[in-house]
Amino acid sequence: MARSLGGFLVLILLVSICDAASVFQPISDSHRSAASELFSPVDGSFGSLEETYEALRTFEVLGVEKKPDVSTASCALVSKTLESSSSTLKDLLFTLKVNGILKCKINEKAFEDIISRLKAAVNDANSLLDFYYSIRSLVLIKEQTLKADLHLADAEGVFRSIKALSQSDGRWRYSSSNPDSSAFAAGIALQTLAGVISLASSEIDQSMIGTLKNDVLKLFDGIEKYDNGAFYFDEKLIDARENQGPLSTTSSVVRGVTAFAAVIDGSLNLPGDKILGLAKFFLGIGIPGDAKDFFNQADSLGCLEDNRVAIPLILSLPSTVLSLTKKDSLKVRVNTVLGSGAPALVVKLVEAFSSNSKDESLIDSQELKFNPETGVYILNDLPKSIDVGRYMFAFEIVLHESGPEKVYATGSQTKIPIFVTGFIKIENAEIAVLDSDLGSIETQKKLDLAGNGIVSLSANHLQKLRLSFQLTTPRGRAFKPHQVLLKLRHESKVEHIFVVASSGKQLELVLDFLGLVEKFFYLSGRYDIELSVGDAVMENSLLRALGHIELDLPEPPEKAPRPPPQPVDPYSRYGPKAEITHIFRAPEKRPPKELSLTFLGLTIVPLLGFLIGLLRLGVNLKNFPTKAVPAVFAILFHVGIGAVLLLYVLFWLKLDLFTTLKGLGLLGAFLVFVGHRILSHLAAASSKLKSA
Amino acid sequence: MARSSGKDAQALFQSLCTAYAATPTNLKIIDLYVGFAVLTALIQVVYMALVGSFPFNSFLSGVLSCVGTAVLAVCLRIQVNKENKEFKDLAPERAFADFVLCNLVLHLVIMNFLG
């Protein structure tokens, strides 16, 4: 799942690069260093045999010098797998592939056992992958042990069984029971059939090979392409198991086709453009981030580097930005996909189109000179018709007559976007204040836009401001830059921006203040003047403060628009806020302490008066019971009342209502009981007295 | 004319005093108690008039406690007075018990309201 996701990411990366540039670079040192980083062994080995093989093959193809040394662990794994009788065919294949690179010391006996096992497997095989593993293993053993007499028993029969799985559109099925066909399987089948051909003891029937060649052509009919000239293979069915995106499918087909082309006589008649397109597809990926993708890219490029169909030659430019002022020369390289040198050839700059003359070429065809030391084709001086700007240069490669051994794919024309930059001359810059009606100049100052001087002007609302200057390209033509803006900024940071219009070489801006009064929000005062002139191809783009102008505008009327509020520094809200003064309720005025204490005393006075009055009235305690029991109750009654009053005092001092009520409940019950007893006793005593 | 009315007032006052002297002692005690309670209330009102009614709840609670206890004492006096035919069958001790209980409840509420 992660692999197919990786594949899709590569696809997206590819599509995004597609529209950007059609410049392809061959493999460079950045690729090699990325490979060293990506394939780093853990504890002296890369993990499984498949991963070990992928890492070693990548290092071998790219020519990475600083390789990690994994031979000990890997060779041990290789011997173990070869000697074990329970290794699967897939393990055997990868073991032999690793052995092919590392060249470990394996004893002959192990190989003998394996050969007999593989031959039996070929006879019993009924699926494409079984054939593939067993036959490719036999081919590798033949290469590694140099046994010239290792042959397949019934090569033609095997050929036919594999060929039976092919489809009419050039794709292959994995087995007769599985109806799904894929280009990935086609690549595997081609590798297997190439192995069969090389292991055959006698010549295989040429008609069968001819049919196979047609199959390959049919497969290439189904090739897909991107706009930037890259060709690739993709599957119709998305199968999470085997299909991992166009990169793995295209790599498989490339391996198959190059292996097949290597073992047959004659050529495959595949159009060179398609082979070049496949090379561009792989190079267009850049540096993949996934190990599997990296291996697929490197292995495919390794197959394409020196194949018998057509060797793609890549035209690349070290720099696509040229400066007219620095008199840069146009440099072109032609290399194979892995960066090796190309054979003798001629590079011609055939056409050059600018963005506004897409049909007509600005130059005649000319040849670039070859510098043998650096391996670079150079055009020293750009033609006079090339001025600053964006161009599309079309190059053509013409090979010198080469021998029949190698065929090269160069493509018809390679189109590359070129930027030509230069120093733009700014002349006759002046700024003036004119009187509105007559156009007569009141103040005129010359500006030196290259230097640092500032001007100081003043104007009122009845006058105009005029700014003018000329821009000339290095070739002496008129130049209209992308941005020519004049900015007037008031002291209160209110800004106004104007575009300077151009006509031919002259750029001019006239500001009529009468019409601009409302736009300026009637703000009089000092305005800073700033001019910016910029373009992608202008090497001396400038943003310059020219000076300032004192503007005298009339007073704003009632309904004049206010200037927009200037943006507040967004971080100011994190600063301290305004101080808040709380207004508390003024506390009530309390009376002076002496007064309060006086009245406290005065309140006690009536109580004293009451007590004195009681004494005057002759209050006595004669009715107090003398007998023991009633006396106790009487005492308890008074104690009870006193306790309740004490409870009230405590309530006021610190208790809460609920505690008080609880206590009161208890005391109240007690008091009622006691009071009832004593008062009924007293009532009985008085009624006895009355009746007596 | 004023002198005769002055003399009349004095005579009225004298007769009131002599008549009052005839009341039983327990009633006089109760009257004294009522007078004491009302006087205390008056002193509190004067204080409030002087310093303002800031903790109004305290003022109310103080005044109402005096007034309330005075009212209860008056009720006691009515019930205890032997000349009062309406309460002939009610024992004075019972009236006194009511007086004590009502006072206790009043003072609980007063203490709560005092703050």
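1. Arg255(A) is buried, with a relative accessible area of 15%; buried means under 20% relative accessible area, exposed over 50%, and partly exposed in between, with a 1.4 Å probe and protein chains only. The residue lies in helix α11 (residues 246-263) of chain A. Leaving aside residues up to four places away in sequence, Arg255(A) touches Gln191(A), Phe295(A), Asn296(A), Asp299(A) and Cys303(A). A contact means heavy atoms within 4.5 Å, and helices (H or I, at least four residues) and strands (E, at least two) are DSSP runs numbered from the N terminus.

2. On the basis of the note: this is a predicted model, in which local features need pLDDT of at least 70 and side-chain atom pairs count only at pLDDT 80 or more, while totals for chains, interfaces and linings use all residues. Residues are numbered from 1 along each chain as its sequence is written, chains are lettered from A and ligands numbered from 1 in the order in which they are written, and side-chain values use heavy atoms, with hydrogens and water left out.

3. Chain A has 17 helices and 24 strands. Of its 692 residues, 45% are buried. Among contacts in chain A between residues at least 6 apart in sequence, 70% join residues at least 24 apart. Chain A exposes about 36,900 Å², and carbon and sulfur atoms supply 56% of this area; accessible areas come from the Shrake-Rupley method with a 1.4 Å probe, and for residues only the protein chains shown count as cover.

4. Chain B contains four helices and zero strands, which follow the pattern α-α-α-α along the sequence. Buried residues account for 30% of its 115 residues. For contacts in chain B between residues at least 6 apart in sequence, the share joining residues at least 24 apart is 68%. Its accessible surface comes to about 7,200 Å², with 71% belonging to carbon and sulfur atoms.

5. In chain A, five strands form an open sheet of mixed pairing, in the order β17-β24-β23-β19-β20. Strands β17 (455-460) and β20 (495-499) of chain A stand at the edges with a single partner strand each, so one side of each is left without a neighbour in the sheet. Neighbouring strands of this sheet are turned by 25° against each other on average, direction ignored; axes are lines fitted to C-alpha atoms, for helices over the stretch in contact, and angles run from 0 to 180 degrees between N-to-C directions.

6. Strands β23 (residues 525-534) and β24 (residues 542-552) of chain A pair in the antiparallel sense over nine bridges; two strands pair if DSSP finds at least two bridges between them. Glu530(A) has Ala545(A), in β24(A), as its bridge partner.

7. A nonpolar patch on the surface is formed by Ile604(A), Leu607(A), Leu608(A), Leu611(A) and Ile612(A), with about 440 Å² of accessible area together. Patches are made of residues with over 30% relative accessible area and no salt bridge, like charges being joined within 9 Å and nonpolar side chains (Val, Leu, Ile, Met, Phe, Trp, Tyr) within 5 Å; a salt bridge is a side-chain nitrogen of Lys or Arg within 4 Å of a carboxyl oxygen of Asp or Glu. Leu608(A) is located in helix α15 (residues 593-617) of chain A and counts as partly exposed, at 45% relative accessibility.

8. Most residues other than glycine have a negative phi. Lys103(A), which is not a glycine, has a positive phi of about 55°. Lys103(A) is found in the loop between α5 (89-102) and α6 (108-124) of chain A and is exposed, at 64% relative accessibility. Asn269(A), likewise not a glycine, has a positive phi of about 55°. Asn269(A) lies in the loop between α11 and α12 (272-284) of chain A and counts as exposed, at 63% relative accessibility.
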